[in-house]
Amino acid sequence: MNTFIKILTSLFIILVLTNCKNDTKETTSIVNWKFAQNYYLENITLAITYLDSLETEGMDGKNSKKYFSLSRKAFKKAEPYASYLNPEVGHRANGPALPVYKDDSGKILKPIGYQKIEESIYENETSVTDFEQELYVTKGMLAVLKSGIEKRALNPQRFFIAIHQQLFRIISLAISGFDTPVSHLGVQESKISLESLKIIYINTIQSIIKNKNESLNETFINNISKAITFIDSNLDFDTFDRFTFTKDYMNPITRNWGKIRKTSGLWEVVNTEPFNFDAPTFFENNTFNLNYFTPATNRNPTEKQIALGEKLFFDKNISTNGTMACATCHIPENGYADNMTVNFDNKGNPLQRNTPTLINSAFQKSFFWDGRAHSLLDQISLVFTNNKEFNTNVHEFSNNILKDSTYINAFKDVYGSISGNNKDVIKAIASYISTLNGFNSKFDKNMRGEEDTFTEEEKLGYNIFMGKALCATCHFMPLTNGTVPPFFMETEKEVIGVPETAANKTLDDDLGFYWKFNEALHKGMFKTPTLRNVAVTAPYMHNGVYNTLEEVMEFYNLGGGGGLGFDVPHQTLPFDNLDLSDNEQQAIISFMKTLTDETIVKDYN
Amino acid sequence: MSKNEMETACTAVNASQFIRVEDVDYQKGSDANARNVFFAVTGLGPNSGDVNDWGTVYKLKLDATNPLIGKLTQIISGNTDTNNNDGNLAALQSPDNICVTENFVYTQEDPNSFSRGHASRIYQTDLNGNNASVLLELKIESNLSPTGSTGFSGEFGSLVDISDKVGVPDTFILALQPHYWQSEDFVSTNLPHNQGGQIVLLQGLPR
């Protein structure tokens, strides 16, 4: 669940009611949305029915796995709309089998949902009482999803956003094993998602597309069939060729789908979702909508605001004793990191943690290694107030900055005046950092088909990264950070048991996010960092313990801290160890090295 | 609209965002008083970089003729040592429930997630958040905890004025939730709820 729940004032209830009226108007268009809504409804009902059958069958009955798989299949058919309407419950029903900490009550909810049930019936280590409880709660969640589908009429906006999310799920979650880490049904389920997309399409908007562009209709149907045939040709989770599937089979579908949306003329895209709906694939420069990831108070910055931010970013006068700028640690030539284990504070002593890259950092929902800040603005604020860093108060504007008189006009140009606090300084810097994005790596260019330079080893690396090494179940494609698709409402933190030194002898004593709630579950918990530009941003981990990607791979291959024999009872890695061969580890490293793009193109839309 | 659609729509029109609105109440006594709406916001806890660490209470004075117009005032804030530095109650931690009567605002804390080193309190202030005093502080009974460890994981729940219902002036009921008071005896459904609690009667509390 999103721990950062922003609840909005009742002042706007009236506005909401007005919008509800619009909903009903939209449903009176010529498209038979009722078909699709019924399809989703029938399948969520079926998913519940099969869970009932599973309950009767028990945890280890001879048909348990069959009913589980049937229930999942039905769920996958209902998922686009069910989870669109209720992302939190949808994600919980089909999210990681990990306990959830409720920060409002301090309660720890036991793991529930399909992934926990999967563990129970495949591994048989769960008590009957717990298993029944898992079924009870999961059925309850499905009932909530069902009532959402019943209540809310499907309309073009809901339809196109929901389908976009489901296409994203296929390339990022289903084929990576995120959905089904134990049973590995995810590859087959991608087929179900595509088949149901076809059914929904044929029964809703196909007639419109046929009228306007018959060949687009044919190509789309054809591309879905080809993708399904490709999946059928190899259902094996370990060897499924995800690179080819995504590049040659899914990308054509997403390209078609964008055209279909435009051709239909049913919906004008919105600027409020994580996606740029006009991006033809999920591997473009503009796949993501920066506006969505930007705090509402700092959207649509002017070029002048960004330029001011850039100047401030490099200015040491921003810190109280004039020794530190943002660029002291985030050095452009070093991928906006610093290639140091840890950098130095304003008195020359080592800082607590390794400097992360700023490239693509805007696409996160929590910041710092321990994830304690919920926005880039809050993150920068805490650098100002940290007495080891800028050591100033956010509400106090530092006149030292104004020693450079060009700032006076710059501030007046951007904000109308020089404000008495640092909030405008922080906004400008945040706007600048939000431009430091790059999706022109070798990987991206190959995925887009702009070049064909991926070696067999790099392809293998991608396939293992996305497959049996389970890397992409935390480093989600294509951002490779921990911001969870397809809703991008939270950035995950994990406990992996990083050692104190590269000798792998003792557990690091940095407890990470634990400080916030003093909750054992959070001991050693850190945010999942991006792997983009990882080849140029060594050393690695929160404490910069590893200098090479080989060391990092070995750490995971051995099973993280738990595998090294440390006491890490709440480790969140979805495996005990990986058993990857040297060649396979090397292939993953080769793939990670294709994720480099430090040539920042300024593009702020 | 779904919850997320509402949030998206509100964000799109730059609606004011609060960290977590926990409770709402209105001034009693007359229809005119009832247009004064109060709500409590918990805050995000220390060291998160946001503008509201320790929590705030707001008063929304609605226009007599047009409910779309009103004036929003922050009347209580615990942010005395934070970015905003606009607090007036340095001890305040996570206001969670509020009870508004004709003359007072009663604010109940929930120090469950993060604390300022004291157990849950109820503060009494006037309707503008001034003259704050501590009305009650939850007594920690570590003997009720199966582990003996409690932290500050107890809170006051709702405080409700029942004077008119029972015909006795200045009578309230108050929920006590010492979250550490756990026992299998409290489990009554197949949900894993095993915490005990009490509802107590308060008499003589000014309205």
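Predicted model: local features only at pLDDT ≥ 70, side-chain atom pairs only at ≥ 80, totals over all residues.
Local features need pLDDT of at least 70 and side-chain atom pairs pLDDT 80 or more, while totals for chains, interfaces and linings use all residues. Residues are numbered from 1 along each chain as its sequence is written, with chains lettered from A in the order in which they are written.

Me: What makes the radius of gyration of chain A agree with that of a compact globule?
Reply: The radius is taken over C-alpha atoms, and the globule rule is 2.2 Å times the number of residues to the power 0.38. For 605 residues a compact globule would have a value near 25 Å; chain A has 25 Å, so the two agree.

Me: What percentage of chain A is called buried?
Reply: A residue is buried if 20 or more other C-beta atoms, placed from the backbone, lie within 10 Å of its own. Buried residues make up 52% of the 605 in chain A.

Me: How many residues of chain B are in contact with chain A?
Reply: Contact requires C-beta atoms, placed from the backbone, within 7 Å. By that test 32 residues of chain B touch 35 residues of chain A.

Me: Why is one side of β10 and of β12 in chain B left without a neighbour in the sheet?
Reply: Strands are DSSP runs (E, at least two residues), numbered from the N terminus, and two of them pair if DSSP finds at least two bridges between them. The order in this open, antiparallel sheet of chain B is β10-β11-β12. β10 (154-161) and β12 (198-203) stand at the edges with a single partner strand each, so one side of each has no neighbour.

Me: How many bridges join β10(B) to β11 of chain B?
Reply: There are 6 bridges, and the strands run antiparallel. B:V160, for example, has B:I173 in β11(B) as its bridge partner.

Terms used. Contact = placed C-beta atoms within 7 Å. Buried ≥ 20, exposed ≤ 12 C-beta atoms within 10 Å, placed from the backbone. Helix = DSSP H or I, 4+ residues; strand = E, 2+ residues; numbered from the N terminus.
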